[in-house]
Amino acid sequence: ESKKGSLLLSEFAACSRVIPGAMRFSPWKDEDVSKAIVKCLRQPHHERRYWHEQQTAWCKNNTVLRWAENILDDMKKVRTTMVEMGEDVKRS
């Protein structure tokens, strides 16, 4: 079995809020960085393995293409709502 690691992400990385089990830290605070590293090193193997599987699955299902499609779908929904509310959505 390959080694399963923990995922540390800057709190400023947008994906840090959505990738399951990612450990967030402030890169501007040395103490936050060191605490995150220590927490990862002390994480039980079964927990590391569980989160690695969750994170791998999340990354496989949330590609850049999927992200772009979701953004475009959201924009279409907003436009439809605006039209229904009588807003002027003509292109200029």
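**Exercise 1. Determine which residues arginine 48 is in contact with, leaving aside its neighbours within four places in sequence, and state whether arginine 48 is buried or exposed.**

Taking contact to mean heavy atoms within 4.5 Å, and leaving aside neighbours within four places in sequence, one finds arginine 48 in contact with Lys4, Gly5, Ser6, Cys40 and Gln43. This is a predicted model, in which local features need pLDDT of at least 70 and side-chain atom pairs count only at pLDDT 80 or more, while totals for chains, interfaces and linings use all residues. Residues are numbered from 1 along each chain as its sequence is written, and side-chain values use heavy atoms, with hydrogens and water left out.

Next, arginine 48 is placed in helix H2 (residues 45–61), where helices (H or I, at least four residues) and strands (E, at least two) are DSSP runs numbered from the N terminus. Arginine 48 is buried, on a scale where buried means under 20% relative accessible area, exposed over 50% and partly exposed in between (1.4 Å probe, protein chains only). Finally, arginine 48 has no salt bridge, and the nearest side chain of opposite charge, that of glutamate 47, is 8.6 Å away; a salt bridge requires a side-chain nitrogen of Lys or Arg within 4 Å of a carboxyl oxygen of Asp or Glu, with Lys and Arg counted as positive, Asp and Glu as negative, and His and the chain ends not counted.

**Exercise 2. Find which side chains meet in a salt bridge, and how they are placed in the helix.**

The structure holds one salt bridge, in which the side chains of lysine 35 and glutamate 31 meet at 3.1 Å, N to O.

**Exercise 3. Locate proline 20 and identify its contacts beyond four places in sequence.**

Proline 20 belongs to the loop between strand E1 (8–10) and strand E2 (23–25), and is partly exposed, with a relative accessible area of 22%. Its C-alpha atom is separated by 6.5 Å from that of glutamine 54, although the two residues are 34 residues apart along the chain. Neighbours within four places aside, proline 20 is in contact with Trp51, Gln54, Gln55 and Trp58.
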